[in-house]
Every structure is written in C-alpha cells, then in structure tokens.
Amino acid sequence: MRVQVAELAAVREEARSGPSERATRAQHAKGKLTARERIALLLDEDSFHEVEQLRRHRATGFGLEENKPYTDGVITGWGTVEGRTVFVYAHDFRIFGGALGEAHATKIHKIMDMALAAGAPLVSLNDGAGARIQEGVSALAGYGGIFRRNTKASGVIPQISVMLGPCAGGAAYSPALTDFVFMVRDTSQMFITGPDVVQAVTGEKITQNGLGGAEVHAETSGVAHFAYDDEETCIAEVRYLLSLLPANNRETPPPVQPPARGSHDGRALRDLVPADGNQAYDMRGVIAELVDDGDYLEVHERWAANIICALARLDGQVVGLVANQPRHLAGVLDIHASEKAARFVQLCDAFNIPLITLVDVPGFLPGVDQEHHGIIRHGAKLLYAYCNATVPRISLVLRKAYGGAYIVMDSQSIGADLTYAWPTNEIAVMGAEGAANVIFRKQIAEAEDPEAVRAQKIKEYRTELTHPYYAAERGLVDDVIDPADTRETLINSLAMLRTKHADLPPRKHGNQPQ
C-alpha cells in the first residue's frame, strides 16, 4: 500500500503543478495568474475540494493521443467564501490554451450540476481559447451543455463569470447568460468574431482590446458589470459581491451586525439635493448618506450612467438600489438605462433582495434615434420588471417625477409597497413650463406680453398641480418626509415588509418585452 500511496502522491503533484514550469512562467509573463493561484485567491484558505483532478481526454488524432495531461485544462471543485459554500471552475490556459474538449466540458457540466443540486453559487474563472478544434463537433456540443445549465440555474443560484483571458466565439455566450461578468483590463477580451475575421469581412482594422476588451464592455456594450486593473483586485471584489448575495433563491442574503441605531445624522441630506429642479447633483452622495457606513457596490458603474444600480446594506440587511442620476443626461431614462435597471430589478427579485428606488426623473429621452431603436419596447422592460417583482419595494421621490418615466420608476400605481417623497418633490404629467405652453398656448400667443403671461401661467400651474403635497393629498404618496428622517423611515419600512408574501398568477412564464 505504501508504494501505491507514494505513486498517488506523485500523480497528484503532477496534476497540481501543471504541464511545465516554462508554461507557468509564460502565463506569469502575460501578467496573469495560474488557475490554481486564482482559486486560492477566491476561496478561503485550505477550503478547496477538487473534483476529477485526474480526468484525461480520450480523443485521438492530430497528436492528441500523445498529449493527455491531467485535469484536461480545467480545474473544478468547491470551497468556501467567508465560510459559505461556493462552487468554481477555472480554465488552465497552460493546457491546450484552456480550450474546451469533451472531457473538459463534462467536468464543467458535473460541477454545474453539483452547484445547482447543493443550492450554492457558481463562479467561473475564464481563460480559454474557445473550442478544441482537434476534437471537432464534440467540443461544440460541450458548450451546448454549458449554456443549457446556465439557463436552468438562472434565478436559482448566483452565477458569476470572471474573465481573465480571451473568450471568443460561442464561448462568450456562457458569461452572457450569467448574473454578473467581471473583466480585467488589458488581459481579458470577449467577442464573437475576432479582429482578423472582422477585417476580412468588413475591412475594419481593430485590436483585440478595441474590439472586446474590458473598457469596451464596461462602457459601451454593457456586457461587463465590473472592470478592474488586476486579477487580485478583481477576485477580491468577487468575494465582496458573494457576501451580498444569498446562496440560492430560497434564502435571503446574509445579514451582518448593523451600525448602532441613532448613530447616523441624516441632516446632511437636506443640503445635498438642490431645490431648483434644473440644477444637477450627484445621486451617489444621497446613496452614501442612506446606506450603512456609506458603503455600496455599484453595478454597471460606467455603462448607462444616467441611472445607478447598486447593492448595499441598510441596518445590516442587503438591499438593491435603483436611482436616477441627475449628473448624467439630467437622469432621464433612455434605452440603455432601461435595460440596465430592468436586469438589476429582475436579479434582486430572483434572489429575495428588497428594492429601494430613488426617483428624480424628467422623463424619457426624446429623439429620433431613441424612437427608431425601440425606446418603447426597451422602456417596457423596466416597467415589466417592476410590475413582476414580488420582493419588498419602496420608492422615494426626491425631486422631479414626470410623465411615463415617473410611472415606470416603481410608482405606487405599478405595485410599490410604500411610496415616500421629500418636500422638494414635483410629481406631474410634465414640468410646469411645458404644461403651461401646451394648456395655455392660445392665450400666450394672443397676449400683448406673451412672456409675462407665460410666466404667470407657469406659476399658476405649479401652484395648482405640482405643489409638494398634491400627490399625497390624492393618496399617490404615502407620506412626505423630512430628508433627515429618510434612513430611519426606510429601515422601519423594510422591517415591516420583511415578511411580505406575494403570489403571481399560475403560468409557465411571462412573455416579457425583448
């Protein structure tokens, strides 16, 4: 037995060390860590349990029968993050460039099935060159199995894709099916067709990073939720995100010890938001004043910047925040903002995260480009997401709330459980200036002094229909509150709603706008 045990130890060491020291040096020279180094950063120390470490491919032809490394280029298993179980698979670029073959895919399928059965998050550390061409269609079928499992697990367990190298062709669709995508600048890329194919077909010359690098997907396409400068920071943020998510859709996110009640002075909120509706401000300052310790994780920070989506804690409990951002496009809703917020609302609803909506919206962005690209159906995505959400929902109108955009931003009429407003609120079909121009167009045109009449009618409209208590008097707002009391009001409201139960009609699924 001692001989066999010694042999086993040697085999395991071969599997753990990888193909060669030269391959490891080449990986490090690119500024990238090895798959095992990445797993060590992600999971708690000594918590990783590897699955199918000794798996080898059984393909033949093109020299494959002479090259059968252990793990077949992917490391799979489970461990813990802050004591909570997490499943993980990591491509090993040192072996076949991380390319996916039949055995490689089967290992991933198994760990995905295990994660779903155990009801625990799945993290993929991606650094692969796509399908293993030498294995032909078997490799493509392996991707199909991954996509099917991504879809089956959607909304059941959190799925996080961490892009740490190239991801081209069909392989890019798996991250797109997951809940969050992390990327590292300069070293990770995602695209369906690479620069060479693009140039051959269209004549356009572009680099890999220019086509599908972290900056592109974090700012332009919206494919990446987060982008970081190095792998260490990126993986540390993955750990932080996991601390804000439940293990599965049957649980709630883990609470933490909240700050002492009464220790927060909310009077600063009275000065953060200008009373003048035309004056911009940074909604992030409001969020920082409301949440525990001013700490929050913004999702899609650099894409569709006119709306903010963030995870934070309020009195130790995780909440999802959706907020218009007046610093960008005055906080209007457009196509990208609607898509961004809709996806985030659905995520929070799937994983039992209460929603707080901070409203300061002048409307939907007007323009031929927006109309021709489908603002109607894209805006409907956000409307559908809110109407379909059954988690606790609280909305707070800080300032402007105009027209259809007000309705879409989780108004009482589409199912918000509680709706509050600050004394600076202006809830109306449109702004007083625009309304006066429409309603009193004839009188203004016929007046001897049109500007004076216009100013008078604007004041009249504002006094009659957009004063701070108009919506509250009609039951469209539950209360008008002092900004300084906002944090305590939200905490008390969420405590009451914690046992909320709401059922949707029996159905296979809805047919949401696309």
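A: Happy to! From helix H4, the residues Glu 102, Ala 105, Ile 108, His 109, Met 112, Asp 113 and Leu 116 meet a set from helix H5, namely Ser 138, Gly 142, Gly 145, Ile 146, Arg 149, Asn 150, Lys 152 and Ala 153. Sorted by class, this contact between H4 and H5 holds 6 nonpolar, 5 polar and 4 charged residues. Please keep in mind that this is a predicted model.

How are the two helices arranged? Two packed helices are described by the angle between their axes and by the distance between those axes. Here, H4 covers residues 102-118 and H5 covers residues 137-153, and their axes come within 9 Å and cross at roughly 10 degrees. Angles under 35 degrees count as roughly parallel, so H4 and H5 are roughly parallel to each other.

Now let's step back along the chain to helix H3. Ala 35 lies in this helix. Is Ala 35 buried or exposed? Its relative accessibility is 1%, and since buried means under 20%, Ala 35 counts as buried. Setting aside neighbours within four places in sequence, Ala 35 is in contact with Ile 75, Ala 90, His 91 and Asp 92. For a sense of distance, Ala 35 and Val 223 are 188 residues apart in sequence, and their C-alpha atoms are 23 Å apart in space.

Helix H3 also takes part in a pocket. The second largest pocket has a volume of about 250 Å³. Its lining is made of Arg 36, Ile 39, Ala 40, Leu 43, Asp 44, Glu 45, Asp 46, Ser 47, Phe 48, His 49 and Glu 50. Two elements give two or more residues to this lining: helix H3 (35-42) and strand S1 (49-51). The largest share, 3 residues, comes from H3. By class, the lining residues of this pocket divide into 4 nonpolar, 2 polar and 5 charged.

Finally, here is the setting for these parts. The protein chain has 21 helices and 17 strands, and its C-alpha atoms fill a box of roughly 100 × 60 × 45 Å along the principal axes. Of the 514 residues in the chain, 51% are buried, and Ala 35 is one of the buried residues. Among contacts between residues at least 6 apart in sequence, 73% join residues at least 24 apart.

How values were computed: Residues numbered from 1 in each chain as written. Predicted model: local features only at pLDDT ≥ 70, side-chain atom pairs only at ≥ 80, totals over all residues. Heavy atoms only, no water. 1 Å grid on protein atoms, 1.4 Å probe; cavity = no way out; pocket = protein on both sides within 12 Å on 5 of 7 lines; lining within 4 Å. Points joined across faces, edges and corners; volume = space filled by probe spheres on them. Helix = DSSP H or I, 4+ residues; strand = E, 2+ residues; numbered from the N terminus. Nonpolar A, V, L, I, M, F, W, Y, C, P; charged D, E, K, R; others polar. Axes fitted to C-alpha atoms, helices over the stretch in contact; angles between N-to-C directions. Parallel < 35°, antiparallel > 145°, perpendicular 65-115°, else oblique. Contact = heavy atoms within 4.5 Å. Buried < 20%, exposed > 50% of the residue type's maximum accessible area, 1.4 Å probe, protein only.
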